[in-house]
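Subject: Structure handover

Hello,

Here is the structure I promised to pass on. Please open it alongside this note.

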Amino acid sequence: LGVGIQVPIFEGGAIHARMRANQHRRDSERARAKDLKRRITAQVRAAANAWRVAMDQQRAAQSEATRAERVEKSAYKRFKAGLSNVHAWTTARELSFRSRVAFQSARYRRMRARNALHFAAAMYPRSTEAEKTKAK
């Protein structure tokens, strides 16, 4: 009885080639994941900035609408008391209306910005504790 051993002589090159191909795939996947995370992070930052700007615009529009409403009430009281004409009152009323429209537009933009922020944040990849320790 004899024992035969077959040792492939030319298999070393193929094994190393497969190892290099697998390493290349792994490296390219890591690079693609890193790039995706960077792009999503930029989107989240941009959405957060847009939301902050929209909040500031809404606050300013609300302040202006409140002021215009006070001016309108004051103009109406002056008109009723005979201290001004109807033109002053209707001008103040139009200003108040336009200010309320501007406030509603700012509110809508804030809501859109908030939705964009939530969407961008939902796309942000969350890393698990295992991935964090593996990366170290």
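Predicted model: local features only at pLDDT ≥ 70, side-chain atom pairs only at ≥ 80, totals over all residues.

Helix α2 covers residues 86–123, 38 residues in total. Its first and last C-alpha atoms are 56 Å apart, close to the 56 Å expected at 1.5 Å a residue. Its buried residues include Trp89, Phe103, Arg110 and Leu117. Ser99 also sits in α2. Ser99 counts as buried because its relative accessibility is 7%, under the 20% cut-off. Beyond its sequence neighbours up to four places away, Ser99 touches Ala61, Glu64, Ala65 and Ala68.

Next, the core. The largest nonpolar core has six residues: Ile40, Val44, Ala47, Ala48, Leu117 and Ala120. The largest share, four residues, comes from α1. Leu117 is in contact with Val44, Ala47, Ala48 and Trp51, leaving aside neighbours within four places in sequence.

Now the charged pairs. There are eight salt bridges. Among them:

- Arg59 and Asp56, 2.9 Å from N to O. They are three residues apart in α1, so about one helical turn separates them.
- Glu69 and Lys73, with the closest N and O atoms 3.7 Å apart. They are four residues apart in α1, again about one helical turn.
- Glu94 and Arg98, 2.7 Å from N to O. Glu94 is partly exposed at 43% relative accessibility, whereas Arg98 is exposed at 54%.

Asp35, Arg38 and Arg39 are linked in a salt-bridge network.

Best regards

Note on methods. Residues numbered from 1 in each chain as written. Heavy atoms only, no water. Helix = DSSP H or I, 4+ residues; strand = E, 2+ residues; numbered from the N terminus. Expected span 1.5 Å × (residues − 1). Buried < 20%, exposed > 50% of the residue type's maximum accessible area, 1.4 Å probe, protein only. Contact = heavy atoms within 4.5 Å. Core = buried A, V, L, I, M, F, W, Y, C linked by side-chain atoms within 4.5 Å. Salt bridge = Lys/Arg side-chain N within 4 Å of Asp/Glu carboxyl O.
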